[in-house]
Each structure stands twice: as structure tokens, then as C-alpha cells.
Amino acid sequence: MKKLIAVVVIVLGFAFNTSAQEVKTVSLEQTKGEFTQKQLTLSEGTYIFEVANNNVGHNVGFVLAPKSDVKAHIKNAYVTAQVKNNTKETSKKVTLKKGEYVYFCPLNPTPQYTLIVE
């Protein structure tokens, strides 16, 4: 019985460790009125969004939503704090499935850009 418990603990530990390694960071940069990355194509998976404010002159943010329902913001994709001038902030982990999304910043404000998950 002790061996079985030990095996289960090792397997679970490995599974959690593998999951943690699969989180990828997507770096985005905002300048006045726009993102410098106009479109993104990603694989299905878990991501953290890192948003840089490159001399916009005021705080910026980040919104990600399904293209089919732009008002259905993915709240974990919000940066954890508004991005101050010439700094960076990150989102929480976001798991993306195949489909089309849009990203934008209502504080900057920017157009809506396309993010495709294949």
C-alpha cells in the first residue's frame, strides 16, 4: 500500500510539474493608440500575457475576448494592474482553445486586433 501511495504521489507531482512548464508568455507592446503586434497566431495552451507601455504617456491595460462575443472579456487575461508609462505588467494564466479572439486596450485606446488559436 505504501508503494502505491508513493507511486501516486510521484505521478501527481510529475503531472503538476509538467503543467507548470507548459505556460508560455506572450509579450505585447503598446505605443500611443496601438499595439506594435497587429495579429497573433498561437497554439492551444496556457499563456500569460505581458504588456509593455512604451511611452504612451498614461496607464494602459489589456482586454482579450472571443471574436464571436467581444463583450465577453476573458478576465484572467486582464493585466493584474494598469500598466504605468514605460513599465510592464502581466496577466494571470489563461488557457486558450482553438478559435478566433480579439485583443485591445480601451484605455489607450487601440483598434481590435486578431488573435488566432490553431
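Two strands are said to pair if DSSP finds at least two bridges between them, and the strands themselves (E, at least two residues), like the helices (H or I, at least four residues), are DSSP runs numbered from the N terminus. The structure is a predicted model, in which local features need pLDDT of at least 70 and side-chain atom pairs count only at pLDDT 80 or more, whereas totals for chains, interfaces and linings use all residues. Residues are numbered from 1 along each chain as its sequence is written, and side-chain values use heavy atoms, with hydrogens and water left out.

The chain has one helix and nine strands, and along the sequence the pattern reads α-β-β-β-β-β-β-β-β-β. Four of the strands form an open sheet with mixed pairing, in the order β3-β9-β8-β5. Because β3 (39-42) and β5 (63-66) stand at its edges with a single partner strand each, one side of each is left without a neighbour in the sheet. Within this sheet, β8 (residues 99-104) and β9 (residues 113-117) run antiparallel and are joined by five bridges; Glu100, for instance, has Ile116 in β9 as its bridge partner.

Of the 118 residues of the chain, 31% count as buried, which means under 20% relative accessible area with a 1.4 Å probe, counting protein chains only. A nonpolar core is a set of buried Ala, Val, Leu, Ile, Met, Phe, Trp, Tyr and Cys residues joined through side-chain atoms within 4.5 Å, and the largest one here has 23 residues, with Phe49 and Leu115 among those with the most contacts inside it. At least two residues of this core come from each of β1 (24-31), β3, β4 (45-53), β7 (94-96), β8 and β9. Leaving aside neighbours within four places in sequence, Phe49 is in contact (heavy atoms within 4.5 Å) with residues including Val26, Leu28, Phe62 and Leu115.

What lies in the loop between β8 and β9? Asn108 is found there, and this residue counts as buried because its relative accessibility is 8%. The table gives two distances from its side chain; a polar contact is a pair of N or O atoms within 3.5 Å, where, within protein, one must be able to donate a hydrogen and the other to accept it, and residues adjacent in sequence count only if both atoms are side-chain atoms.

| Partner of the Asn108 side chain | Distance |
|---|---|
| Gln30, side chain | 2.9 Å |

Note on methods: Buried < 20%, exposed > 50% of the residue type's maximum accessible area, 1.4 Å probe, protein only.
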